[in-house]
Amino acid sequence: MRGICFDVGGTLVRPEAEPTTGQVAQVLGISLDEARAVMEQGAKRCRITPEDLACDLAAAFGRPALVGSLTHVLERARQRAAEPELFADVEPALAVLRERGFVLFALTNSLGSSIPAEPPTVFRTLLDRVVYSAETGAVKPERAAFTAVEHVCGLGPDQLLHVGDSLRADVAGAAAAGWHTAWLDRRFADGPLLSAARTVRLHTLTTLPLLLPAGPAPAPPVTSETC
């Protein structure tokens with residue numbers, strides 16, 4: 001294993017009590033499932049301004065008077081994305097993993113309206129790259145989302161570990177792509193929820209360096225016999 005990829009919201013970054021999609025659903029007066037479906041079809045697959053997304057959503061649901069309220073919700077989400085609040089265990093754990101030689105990435109199903117102009121400073125310090133669904137056009141658990149990370153880092157599925165808090169988007173998606181997986185269960189969920197045989201269950205990122213104490217194996221030398 002040479003690279004580790006992390007989900008963002010709920011894994012590295014503390015989410016709001018009511019996520020952005022839930023706030024949008026409340027403003028529009030629709031269900032959370034409806035809002036999620038609309039976001040996954042479009043807004044999480046391309047860059048868009050908060051104002052334009054607000055207009056699109058208001059038009060799609062016949063609520064033109066709500067453009068201002070929707071814009072306010074989406075602008076706040078963009079501001080939070082630019083200055084994320086990390087969980088306390090993130091910086092110490094990632095700093096150790098980086099010292100040990102792992103390449104570190106994040107993969108997030110991001111609203112195109114929430115991508116900051118520049119990656120937050122803390123991410124530039126801790127991670128080699130943040131891969132946004134709104135820049136790749138693919139959302140987890142789709143295979144193409146994980147393929148995008150493979151292309152960025154030049155590593156194969158068997159060399160990559162994905163760590164995330166969603167069993168569907170993170171664990172099932174990464175496992176289907178042939179990656180190693182770790183489920184970050186910060187809430188200590190009950191029941192037999194793991195479906196991927198290779199999945200490790202964590203309750204804190206502090207555990208991850210303990211499971212990977214030696215760092216990645218060096219890459220094999222390229223010779224004429226292996227080219």
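Predicted model: local features only at pLDDT ≥ 70, side-chain atom pairs only at ≥ 80, totals over all residues.
Start with the whole chain. It has ten helices and six strands. The C-alpha trace spans about 65 × 45 × 30 Å along its principal axes.

Of the 227 residues, 45% count as buried. Take the contacts with a separation of 6 or more: residues 24 or more positions apart account for 64% of them. The chain exposes about 11,100 Å². Carbon and sulfur atoms supply 55% of that area. As for charge, there are 21 positive and 26 negative charges, and their mean positions are 2 Å apart.

Now turn to helix 9, residues 167-176. Its buried residues are Ala169, Asp170, Val171, Gly173 and Ala174. An α-helix has 3.6 residues a turn, so residues three or four places apart point the same way. What covers the buried residues of helix 9? The cover includes helix 8 (143-153), strand 4 (160-164), strand 5 and strand 6 (199-202).

Follow the chain out of the helix. Alanine 177 lies in the loop between helix 9 and strand 5 (180-184). Is alanine 177 buried or exposed? Its relative accessible area is 6%, under the 20% cut-off, so alanine 177 is buried. Which residues does alanine 177 touch, leaving aside neighbours within four places in sequence? Alanine 177 is in contact with Arg143, Phe146, Glu150 and Pro157. Phenylalanine 146 is 31 residues away along the chain, yet its C-alpha atom is separated from that of alanine 177 by 6.9 Å.

Salt bridges come next. Side chains of opposite charge can pair when their charged atoms come close. The structure holds eleven salt bridges. One of them joins the side chains of lysine 140 and aspartate 7, at 2.9 Å from N to O. This pair links distant parts of the chain, 133 residues apart. Lysine 140 sits in the loop between helix 7 (133-136) and helix 8, while aspartate 7 sits in the loop between strand 1 (3-6) and helix 1 (20-28). Both lysine 140 and aspartate 7 are buried. Asp170 joins them: Asp7, Lys140 and Asp170 are linked in a network of salt bridges. Asp170 is also among the buried residues of helix 9.

Another bridge pairs the side chains of arginine 76 and glutamate 16, at 3.2 Å from N to O. Arginine 76 lies in helix 4 (residues 67-82) and glutamate 16 in the loop between strand 1 and helix 1, so the pair ties together parts 60 residues apart in sequence. Arginine 76 is partly exposed, at 31% relative accessible area. Glutamate 16 is also partly exposed, at 27%.

A further bridge forms between glutamate 135 and arginine 47, whose closest N and O atoms are 2.7 Å apart. Glutamate 135 lies in helix 7, and arginine 47 in the loop between helix 2 (32-43) and helix 3 (50-60), so this pair ties together parts 88 residues apart in sequence. Glutamate 135 counts as partly exposed at 43% relative accessibility. Arginine 47 is partly exposed too, at 46%.

Technical notes. Residues numbered from 1 in each chain as written. Heavy atoms only, no water. Helix = DSSP H or I, 4+ residues; strand = E, 2+ residues; numbered from the N terminus. Buried < 20%, exposed > 50% of the residue type's maximum accessible area, 1.4 Å probe, protein only. Contact = heavy atoms within 4.5 Å. Areas by Shrake-Rupley, 256 points an atom, 1.4 Å probe, with all protein chains shown as cover. Lys, Arg positive; Asp, Glu negative; His and termini not counted. Charge placed at Lys NZ, Arg CZ, Asp CG, Glu CD. Salt bridge = Lys/Arg side-chain N within 4 Å of Asp/Glu carboxyl O.
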